[in-house]
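Have the model open as you read.

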Amino acid sequence: MVCRDPRFVAILALLAISFSNTSLAQTQTTKSPAVDNIGELGRLLFFDPNLSRNGNQSCASCHNPKHAFIDNHDNSVAGAVSIGDDGHSLGERNAATITYAQFTPEFHIDTNGDHVGGFFRDGRETSLSDQAGRPILNPIEMGMLSKASVVERILENPVYVASFKKLFQPSIFSSVEQTYKAIEHSLSTFERIKAIFAPFDSKYDRYLAGEYNMTKEEELGRKLFFSGLHNCNTCHQLDQFNVGFSETFSNYRFYNIGIPINTTVSDNSDKPAKHRDQGLLSHPEVSNTALSGKFKVPTLRNIAVTGPYMHNGVFNELRTVLVFYNKYIIRNKESQTNPETGELWADPEIKDTIDLDLLKQGQPLFGGNIDAMLAFLLTLTDKRYEVLLKEKEVSDS
């Protein structure tokens, strides 16, 4: 059989995308239709729209490699959430970057009884492999009806058939579950290619290596960030003892910081709390209502180019995020006003579980210190995405 979606041929063009010295795809030149390794197979799957119900959406549709693997489409909601394969369904949460996702620990409870890690913003999938196959089956995302229907699409493509048999085992298609696990494994293997997803080559990394001199403003921001005075590194520093290489800028824990409802996406402000986004409480293994509304701390890697921000995409600008944290520290008019709307901050979805003690620990950021913090956060941008910073600077001028 041949691929039912004639646009499959166009995938080859997508696969030609390259970043600096690393190409996302290489032309198949051997006589065999099979690819040579699992990561290569995962790359083909990642860019394949035929793995969606209507054949018009791939993983890359919501995780664009040219935009730090986020969904850069407006989708009529200012990019807050993604549109589904059916052309009208909207997701409920902002599509997070998958850069540096490979360092997320598997979902677990630590020795203090705190939930840590896992994938998606509520940690509901234990591993990167588990996460990789879920959007394909989500009815408001890629919309495939079952694992069996996904395997049928795989069997339509001779390159896939040959590759799965070569890289796994000749009998790989004897079980739908076995095949689907291989699909998930292939996708997650691709997402673990460090040169593509975790190069650690930002200005910050080059600074640590002695290859970049920070500006005075960037250096001030770095000192403010790690000083502890503003509470940034409480949640956004993985290694509390060694501020150095391979820092992902997340402790992978869950907090409710009172993010305002995004009425652009769903006007649920009048709904009872149980019908709002429950965050960690949405995890099938979590039942403690005290954990409602808590979301996993995101990485700050590429934060300057992965807006809009927060789990619901409610803030368009990174500066707004920094101003928001003042809300719980100081009660003046400026700190209680959303600079993007000129109005008071909207109510949070889940009020009763906000981590007020944590939010009140830091000192507020104002004026030049906000500028400095922003300057530092910009240095966490991977080298290949620094062009996006320049483009934004031009568009804002």
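On a 1 Å grid over the protein atoms alone, a cavity is a set of points where a 1.4 Å probe fits but cannot get out, while a pocket is an open set with protein on both sides within 12 Å along at least five of seven lines; lining residues have an atom within 4 Å of a point. Grid points are joined across faces, edges and corners, and a volume is the space filled by probe spheres set on the points. This is a predicted model, where local features need pLDDT of at least 70, side-chain atom pairs count only at pLDDT 80 or more, and totals for chains, interfaces and linings use all residues. Residues are numbered from 1 along each chain as its sequence is written, and side-chain values use heavy atoms, with hydrogens and water left out.

**Cavities**
- Searching the whole structure turns up 2 cavities of 30 Å³ or more, and the largest cavity holds about 40 Å³ of space.
- Lining the largest cavity are residues including Ile 70, Asp 71, Asn 94 and Thr 306.
- By class, that lining has 4 nonpolar, 5 polar and 1 charged residues (Ala, Val, Leu, Ile, Met, Phe, Trp, Tyr, Cys and Pro count as nonpolar, Asp, Glu, Lys and Arg as charged, and the others, Gly among them, as polar).

**Second largest pocket**
- This pocket has about 1,000 Å³ of space.
- Its lining runs to 34 residues, with Ala 304, Leu 388, Leu 389, Lys 392 and Asp 396 nearest the centre.
- Helix 11 (216-227), helix 13 (318-324), helix 15 (367-378) and helix 16 (386-396) are the elements that each give two or more residues to the lining (helices are DSSP runs of H or I, at least four residues, numbered from the N terminus).
- Helix 16 supplies the largest share of the lining, 8 residues.
- The lining splits into 12 nonpolar, 8 polar and 14 charged residues.

**Cysteines**
- There are 0 disulfides in the structure (a disulfide is a pair of cysteine sulfur atoms within 2.5 Å).
- Cys 59 is in no disulfide, and the nearest cysteine sulfur, that of Cys 62, sits 8.8 Å away.
- Cys 59 counts as buried because its relative accessibility is 12% (buried means under 20% relative accessible area, with a 1.4 Å probe and protein chains only).

**Helix 2**
- Helix 2 (residues 38-46) is mostly covered, with 9 of its 9 residues buried.
- Among those buried residues are Glu 40 and Arg 43.
- At the start of helix 2, a side-chain oxygen of Asn 37 comes within 3.2 Å of the backbone nitrogen of Gly 39.

Definitions and conventions: Buried means under 20% relative accessible area, exposed over 50%, partly exposed in between (1.4 Å probe, protein chains only). A polar contact is a pair of N or O atoms within 3.5 Å; within protein, one must be able to donate a hydrogen and the other to accept it, and residues adjacent in sequence count only if both atoms are side-chain atoms.
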